Amino acid sequence: MNINKLYWKTLYYWIRYLNYDLIHQEKDDNEIWLAHKRKKSIAIFRKEVSSTQEIRFDKSNFLERPKDVEQRVGYKPHAIDFYYFSDKNISEDNMNEAQPEKLQFHILNNVTDLKQIISNLVLFKMLSNDEDKKTYSYYKRKVLTNNPLDKHMQRFSPATYVLILINIVVWLCMILYLNRFSDVKLLEVGGLVHFNVVHSEWYRLISSMFLHFNFEHILMNMLSLFIFGKIIESILGSWRMLTIYFVAGLYGNFVSLSFNTSTISVGSSGAIFGLIGSIFAIMYLSKTFDKKVIGPLLIALAILIGLSLFMSNINIMAHLGGFIGGLLITFIGYYFTVNCNLFWIFLIIFVLIFVALQVRIFTINEDNIYDKLIKDEMLNGNYKEAKDVVNQTLNKNYADDETYYLSGLITATQSSQSEAIAEWERGLKSFPNSGILNYELAIANRSLSDNKKAMKYINKAVKNNPRNANYKSLEKELSESSDSKDK
């Protein structure tokens with residue numbers, strides 16, 4: 001590998017894998033400065049160096065004019081590394097310094113010299129790959145790009161890739177083991193449902209973020225995660241990106257639970273909208289509204305929203321909640337070290353919304369999702385699947401009087417009326433004041449010409465629900481029938 005290619009390739013890898021940013025370049029590109037703001041370090045790359053004297057000159061410049069360096073990079077660096085690429089044999093002459101800043105000088109004549117400065121074996125192997133067919137101009141173009149979006153997209157983003165990988169693996173497992181993506185199956189594997197969460201199945205707040213309805217759903221979400229995840233990870237780093245992702249995802253799920261009590265919600269779109277909210281917060285805080293960034297982002301956002309409108313089972317409330325969560329957590333993280341007053345303001349807003357959501361989640365009337373699923377399966381003629389859901393409901397102790405009522409209807413369809421009556425009577429032992437069970441038993445006993453027993457059940461049904469027109473009508477009919485027999 002020639003020195004020119006090694007120079008540009010090393011620069012590219014420092015930017016892509018070590019999260020350095022280009023901050024300065026000489027006109028002839030023979031000297032380029034990279035900075036790592038979080039580590040407060042600088043990496044200076046130079047080529048066409050011919051003597052040790054040039055290196056000594058660089059060293060004296062930095063030691064004599066530290067303020068000029070601070071002004072150029074915007075902070076006081078803790079460490080400065082010099083990388084000299086040359087095809088001449090130049091002695092380093094032990095010029096490293098530890099005070100006042102850590103200065104280190106590295107002379108690179110070939111790929112092998114990189115091994116002395118790169119502790120990451122994988123990175124070294126990629127850099128020294130002899131089969132690399134890309135030219136130096138390719139790496140130069142990547143290093144010197146002026147497009148902010150391109151800079152973010154070319155960064156190595158391990159957290160984003162891991163999230164995408166997990167989602168795909170879960171998707172493949174669902175295809176292999178579930179065969180079909182019905183509401184029943186999604187509920188079984190961890191879909192988000194109000195009923196289950198208020199019954200302490202908190203794991204669904206996380207598990208639902210890695211489940212998807214169909215191929216179109218996961219494709220759209222993973223493409224969005226690839227774009228917005230890489231941008232946030234490039235700007236804030238992997239751990240901050242993951243924090244925003246999960247906080248926003250949870251926030252979106254809490255908003256969803258506050259409004260949707262009878263649906264199953266799955267997908268990572270709430271967390272992804274949180275990343276979008278974070279991007280808008282970052283642009284506001286940095287006061288940089290570059291058209292090269294905003295244009296493509298708005299187009300991607302418009303496409304994402306547009307596709308959502310044409311897809312079924314899209315949870316708009318989760319999207320909105322995720323966006324707000326991502327926006328707020330980014331402001332909280334930024335103002336924590338910048339402005340104490342604004343930090344507390346945003347934190348209080350975040351907590352107040354969170355508390356309000358919890359109050360609403362645990363005070364609104366809950367719908368037994370299992371009863372809904374049983375009815376859906378029955379309407380589709382899937383009585384076996386409906387009975388499986390009944391059994392699952394009973395095993396989880398989530399059964400109510402309607403569960404037993406539906407179970408009796410299934411039994412009447414599949415077996416006999418007598419077995420259905422026995423099922424309703426079992427339900428009545430657990431729910432003695434159930435209007436629907438007493439009513440159904442009244443109808444069943446009337447069909448068996450046992451009007452006395454039917455009258456007993458319907459009287460109890462009316463007593464517990466006197467406004468139900470069907471109950472009162474049957475009571476009147478049975479009363480009239482009894483009176484006519486007495487006469």
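Modeller: Happy to! His36 counts as buried because its relative accessibility is 5%, under the 20% cut-off. Please keep in mind that this is a predicted model. His36 belongs to strand β2, which covers residues 31–36. Beyond its neighbours within four places in sequence, His36 is in contact with Leu18, Asn19, Tyr20, Ser41 and Tyr75.

Now to the part you asked for. The largest nonpolar core has 41 residues, and those touching the most other members are Ile264, Ile369, Ile374, Trp424 and Ile458. Helices that each supply at least two residues of this core include α8 (183–189), α17 (369–379), α20 (417–430) and α22 (451–464). Domain 2 (156–188 + 199–360) and domain 3 (367–482) both contribute residues, so this core lies between them.

Not counting residues up to four places away in sequence, Ile369 touches Leu187, Val193, Phe195, Asn196, Ser262, Thr263 and Ile264. There is also a second, separate core of 37 residues, with Ile164, Ile244, Ile282 and Phe343 among them.

In the model, residues 241–259 are 100% helix and 0% strand, with end C-alpha atoms 27 Å apart. Residues 316–336 are likewise 100% helix and 0% strand, and their end C-alpha atoms lie 30 Å apart.

Definitions and conventions. Residues are numbered from 1 along each chain as its sequence is written. This is a predicted model: local features need pLDDT of at least 70, side-chain atom pairs count only at pLDDT 80 or more; totals for chains, interfaces and linings use all residues. Side-chain values use heavy atoms; hydrogens and water are left out. Helices (H or I, at least four residues) and strands (E, at least two) are DSSP runs, numbered from the N terminus. Buried means under 20% relative accessible area, exposed over 50%, partly exposed in between (1.4 Å probe, protein chains only). Contact means heavy atoms within 4.5 Å. A nonpolar core is a set of buried Ala, Val, Leu, Ile, Met, Phe, Trp, Tyr and Cys residues joined through side-chain atoms within 4.5 Å. Domain bounds come from an automatic or database domain assignment.
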